[in-house]
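Here is a short report on helix packing and ligand contacts. Look over the structure first, then read on.

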Amino acid sequence: MLISIGSKNPAKIAAVEQAFQGYAFEIVPVDTESGVSEQPLTDEETIRGAINRAVSAFDVSGADIGIGLEGGVQKTEHGLFLCNWGALRARGMEPIIAGGARILLPEEIAIQLLAGEELGPVMDKFAKKQNVRKKEGAVGIFTNGKIDRVEMFTHVVKLLLGQYEFKRQSN
Ligand SMILES: O=c1[nH]c(=O)c2ncn([C@@H]3O[C@H](COP(=O)(O)OP(=O)(O)OP(=O)(O)O)[C@@H](O)[C@H]3O)c2[nH]1
Ligand SMILES: [Mg+2]
């Protein structure tokens with residue numbers, strides 16, 4: 001099975017590799033446009049980015065499955081939540097969507113994002129690290145390492161794969 005992912009981010013690629021453990025597959029990471037802002041600020045925008053990545057990855061690679069994973073934030077009355085969305089594009093079916101873990105971001109982070117900053121660089125500055133976005137992610141930093149970005153996105157890809165198999169069996 002040829003699986004394309006619309007990102008070259010190693011954390012996202014590792015999540016697809018983990019979720020497809022046990023399957024005979026090959027992964028093709030492709031640079032795709034998310035079609036949304038670098039820092040999505042709503043669930044809707046983040047979902048749109050995931051779908052656009054999955055469709056582009058599927059179209060450019062001729063793979064059996066295209067996967068899109070997008071991180072963003074969502075304002076609530078409780079504060080600004082980190083949100084994560086995934087999409088799966090396969091022949092003969094509408095894109096499948098699944099949501100990932102959410103955690104409240106500290107106020108000092110939220111203020112910077114709402115002022116137009118991108119979470120990736122903000123996290124590097126906050127954590128005094130390089131490329132948090134490609135490793136544990138904000139989710140790893142703010143959960144004291146209990147769950148990192150790979151594990152969080154692996155869960156999302158499993159939700160996508162499971163729905164894909166269910167739909168295939170139902171048809
Ligand atoms: O350090 C982080 N830990 C996280 O948990 C996280 N979740 C989202 N983001 C940031 O939100 C923006 C859109 O996310 P994103 O899906 O575009 O991710 P990305 O830019 O890292 O990958 P990619 O665009 O190469 O696929 C980018 O600025 C990401 O850095 C995170 N940064
Ligand atoms: Mg990005």
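At what angle do the axes of helix H3 and helix H4 cross?

## Basis of the model

This is a predicted model, in which local features need pLDDT of at least 70, side-chain atom pairs count only at pLDDT 80 or more, and totals for chains, interfaces and linings use all residues. Residues are numbered from 1 along each chain as written, chains are lettered from A and ligands numbered from 1 in written order, and side-chain values use heavy atoms, without hydrogens or water.

## H3 against H4

H3 (residues 107–114) and H4 (residues 119–127) cross at roughly 145°, and their axes come within 10 Å. Axes are lines fitted to C-alpha atoms over the stretch in contact, with angles from 0 to 180 degrees between N-to-C directions. Helices are DSSP runs (H or I, at least four residues), numbered from the N terminus.

Glu108, Ile109, Gln112 and Leu113 of H3 meet Leu119, Val122, Met123, Lys125 and Phe126 of H4. Contact means heavy atoms within 4.5 Å.

## H1 against H6

H1 (residues 10–19) packs on H6 (residues 149–170) at about 50°, with the axes 8 Å apart. The contact includes Ala11 and Lys12 of H1, and Arg149 and Phe153 of H6.

## Ligand 1

Ligand 1 has 21 residues around it, the closest being Ser7, Lys12, Gly71, Glu118 and Ala138. Here the cut-off is a heavy atom within 4 Å.

Methods: Helix = DSSP H or I, 4+ residues; strand = E, 2+ residues; numbered from the N terminus.
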